[in-house]
Amino acid sequence: MPELPTLHIIKDIAGGDLEFENKLLQIIRKELPLEIIMYNENCLEKDYLKVAANVHKLIHKINIFGLKKGYDTAVLFENDLRKQKCELKFEFDEILESMTVFLKSIEAPEE
């Protein structure tokens, strides 16, 4: 069974402050799609050092969604990219897809 994102870490960080929790989610909703676009563009260009930098940035969001296996995969992928290897791309892309689907499934708070 694939690992699924959760809000446990976000809720822990927010410490019961629903407004702060919603603000964190709002930031992630804004940043994640843009970071994925940059990642995909750099993948197309096969600029592995830029892709590694994109993965490094995305690792923080993977971690905040409690994806422990995903985090480990992302770290390995980043290290491989710095060696010009791209074997873990499919697995990493699945992680990004699971986060994207998860974010869409969470009802956005009214602003």
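These legends accompany several close-up views of a predicted model.

Residues are numbered from 1 along each chain as its sequence is written, and side-chain values use heavy atoms, with hydrogens and water left out. Because the model is predicted, local features need pLDDT of at least 70 and side-chain atom pairs count only at pLDDT 80 or more, while totals for chains, interfaces and linings use all residues.

**View 1. The largest nonpolar core.** Let's start inside, with a core of 30 residues. A nonpolar core here is a set of buried Ala, Val, Leu, Ile, Met, Phe, Trp, Tyr and Cys residues joined through side-chain atoms within 4.5 Å. Buried means under 20% relative accessible area, exposed means over 50%, and partly exposed lies in between (1.4 Å probe, protein chains only). Ile10, Tyr39, Val55, Phe65 and Phe92 have the most contacts inside this core. At least two core residues come from each of helix H2 (18-44), helix H3 (48-64), helix H4 (68-82) and helix H5 (89-105). H3 gives the largest share, eight residues. Helices (H or I, at least four residues) are DSSP runs, numbered from the N terminus.

**View 2. The surroundings of Ile10.** Zoom in on Ile10, one of the core residues with the most contacts. Beyond its neighbours within four places in sequence, Ile10 is in contact with Glu21, Leu24, Leu25, Ile28, Ile64 and Phe65. Contact means heavy atoms within 4.5 Å.

**View 3. H2 packed with H3.** Two packed helices are described by the angle between their axes and the distance between the axes. For H2 and H3 the angle is about 150° and the axes are 9 Å apart. The two helices are therefore roughly antiparallel to each other. Axes are lines fitted to C-alpha atoms, for helices over the stretch in contact, and angles run from 0 to 180 degrees between N-to-C directions. Angles under 35 degrees count as roughly parallel, over 145 as roughly antiparallel, 65 to 115 as roughly perpendicular and the rest as oblique. H2 passes H3 in a left-handed crossing, a term used when the near helix is turned anticlockwise from the far one by less than a right angle. From H2, the contact includes Ile28, Leu32, Ile36 and Tyr39, and from H3 it includes Val51, Val55, Leu58 and Ile64. The residues of this contact divide into ten nonpolar, two polar and five charged. In this count Ala, Val, Leu, Ile, Met, Phe, Trp, Tyr, Cys and Pro are nonpolar, Asp, Glu, Lys and Arg are charged, and the others, Gly among them, are polar.

View 4. Leu58 is found in helix H3 and counts as buried, at 0% relative accessibility. Leaving out neighbours within four places in sequence, Leu58 is in contact with Leu32, Glu35, Ile36, Tyr39, Phe92 and Leu96. Leu58 and Leu96 are 38 residues apart along the chain, and their C-alpha atoms are separated by 8.6 Å. Asn54 also has its place in helix H3 and counts as buried, at 9% relative accessibility. Not counting residues up to four places away in sequence, Asn54 touches Met38, Tyr39 and Asn42.

**View 5. H2 packed with H5.** The axes of H2 and H5 come within 11 Å and cross at roughly 150°. That makes H2 roughly antiparallel to H5. H2 passes H5 in a left-handed crossing. Among the H2 residues in this contact are Leu25, Arg29 and Cys43, and among those of H5 are Asp93, Met99 and Leu103. The contact divides into ten nonpolar, one polar and three charged residues.

**View 6. H4 packed with H5.** H4 and H5 pack at an angle of about 135°, with axes 10 Å apart. That makes H4 oblique to H5. H4 passes H5 in a left-handed crossing. Here Gly70, Thr73, Ala74 and Phe77 in H4 meet Lys89, Glu91, Phe92 and Ile95 in H5. Four nonpolar, two polar and two charged residues make up this contact.

**View 7. Two loop residues with positive phi.** Most residues other than glycine have a negative phi. Lys46, in the loop between H2 and H3, has a positive phi of about 55°. Lys46 counts as exposed, at 58% relative accessibility. Gln84, in the loop between H4 and H5, has a positive phi of about 65°. Gln84 is partly exposed, with a relative accessible area of 48%.
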